Amino acid sequence: MAHTRSFFADRVVLTDPATQRLQLQPGCLEVNGATISFAQAMTRDEWKSRCDEQPETQALDLGDVLVTPAFINAHTHLAMVVFRGLDAGAAMARNVVEDLYFTVESQLSNEDVRAFARLGAFENLLHGVGTVWEHYYGGTALADALVDAGLTGVVAPTLQDVAGPGVNALDSQWDATLAIHESEAYAQSGVLAAWGPHATDTVSNELWQRIGRAANEHNLPVHVHVAQSIEEYTFSMETHNLSPVARLQHLDVLEQSPHSLLVHGIYINQDDFAHLKSGRQTLGFCPYSQAQYAFPANVLRWTEADIPWLVATDCAACNDSMNVQKEMRFVHGMRVTGSTWAPEYQTFFASGKLSDATRLQEHRTRSFHATERFANPEFLLSLVWSNPGRMHPAMKVGHLQADYLANFVIWDPMHPSMWPSMDPLRLLALSDTTPAIQGMMVNGQWIGERGDFARSVRESDAYQDALQEANERLTALQKRL
Ligand SMILES: [Zn+2]
């Protein structure tokens, strides 16, 4: 039987079981195997007596640090780190997914995907992400990459039968989804499956209905790009006379799936909201990615309609980092950027009149007040903790509570990026604090060395070997192209 490990810290972000509100207090976490067995606010003296009563427990006083749930990055394509910084040139002005990536992606072997995805997994860990929702070609190679790096996640091998580089691999990706789902070894490593239809315009009605039935039968969520581009919306309206969301409703996918993660939602209209109200749908917002592919979705409308949503990074190719903190900060920034592009600005710019400047400022003030929630740290952190944490029926993450996976980050509040740490939750939501990560536990295992986190991960044999293989495979890929 695994020994219980008991940790105490002066600042632990716990969840009040009654209200589900976050509490920042001195507290104790006990870990048994991969899961938290006990989490409660208490004083150091209370913790010491508790440990004395349980001599089998390994006790560790972490001191004056901040302990929080690890972040969840619930929409990634990890292997696409290989496209980071690629000059997409003219393709970026049109639909870069179809024009450029599909060409390169058809050249990737499963071994390439595993090697590149492994580097993406390490990058997530270094940014305090303990769980990803991964969606890509490569089947079980994606799950293997997560296990290699020690990252937990929900893997959705990409399914498509109408268009895209995965059309010929539909059967193998379907089988890989079930293989991940049925594997005890992956489950022990904190890696579970979801169904991963690519997008509404690359999946036929027949395949959608098959996915809906399978989601119900295996109790597995669906993770899909929805309403992400004008091409997709055009296809949906012209071919089916339904919006992408209305089509999923019509095909019974939203009803059958235990949970649906619908990513991007740029072209979601107000009638679509009626189909997203059951509590079993979550919208995914990847603002930096959307700013490159299309434009940021209107999350104020989602918030007003009480539709649950989350932030995620999408791929490094369109985003350049796996740090979810900057996605939260973008949400905060959306409070007032509307005024930059408003007609009130144009009017003022043309006239220079004081009355027009005043009207522009009134526009800014209205936006500022309408988006008050976007400045609330607890709301912003729910986009990377509780909201993505509730999407998989078999994975509990996003809270420090009993029965949840032991995925937590230890932050040094005296690091320059966090000092003076008077409101740590606000810092986590609105600053770049990942250099202050002192230690991290994922699935009950330490990542790197506590007290020397980033350097120890980068200098580990696991990372150095992963880097060497990725470099070799990138060179070979460039030769093939
Ligand atoms: Zn994506």
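Two strands are said to pair if DSSP finds at least two bridges between them, and helices (H or I, at least four residues) and strands (E, at least two) are DSSP runs, numbered from the N terminus. In those terms, β1 and strand β4 (residues 58-69) run parallel and are joined by seven bridges. The structure is a predicted model, in which local features need pLDDT of at least 70 and side-chain atom pairs count only at pLDDT 80 or more, while totals for chains, interfaces and linings use all residues. Residues are numbered from 1 along each chain as its sequence is written.

**Overall fold**

- The chain comprises 20 helices and 16 strands, and its C-alpha atoms fill a box of roughly 70 × 65 × 45 Å along the principal axes.
- The radius of gyration, taken over C-alpha atoms, is 23 Å, which agrees with the value near 23 Å for a compact globule of 481 residues, where the globule rule is 2.2 Å times the number of residues to the power 0.38.
- Of the 481 residues, 47% count as buried, a residue being buried if 20 or more other C-beta atoms, placed from the backbone, lie within 10 Å of its own, exposed if 12 or fewer do, and partly exposed in between.
- Among contacts (C-beta atoms, placed from the backbone, within 7 Å) between residues at least 6 apart in sequence, 71% join residues at least 24 apart.

**Domains**

- The domain assignment, whose bounds come from an automatic or database source, gives domain 1 (4-69 + 398-447), domain 2 (71-331) and domain 3 (335-376).
- The centres of domain 1 and domain 3, taken over C-alpha atoms, are separated by 42 Å.

- Strand β1 (residues 4-15) runs antiparallel to strand β2 (residues 22-32), and ten bridges join them; T4 stands opposite N32 in β2.
- The hairpin formed by β1 and β2 has six residues between the strands, and Q20 in the turn has a positive phi of about 65 degrees.
- On the β4 side, R5 has Q58 as its bridge partner.

- K48 lies in helix α1 (residues 44-53) and counts as partly exposed because it has 14 C-beta neighbours inside 10 Å.
- The C-alpha atoms of K48 and D61 are separated by 9.3 Å, with the two residues 13 apart along the chain.
- Helix α20 (residues 461-480) should span 28 Å for its 20 residues at 1.5 Å a residue, and its end C-alpha atoms are 29 Å apart, which agrees; the expected span is 1.5 Å times one less than the number of residues.
- Helix α20 is hardly covered, with two buried residues among its 20.

Methods
Contact = placed C-beta atoms within 7 Å.
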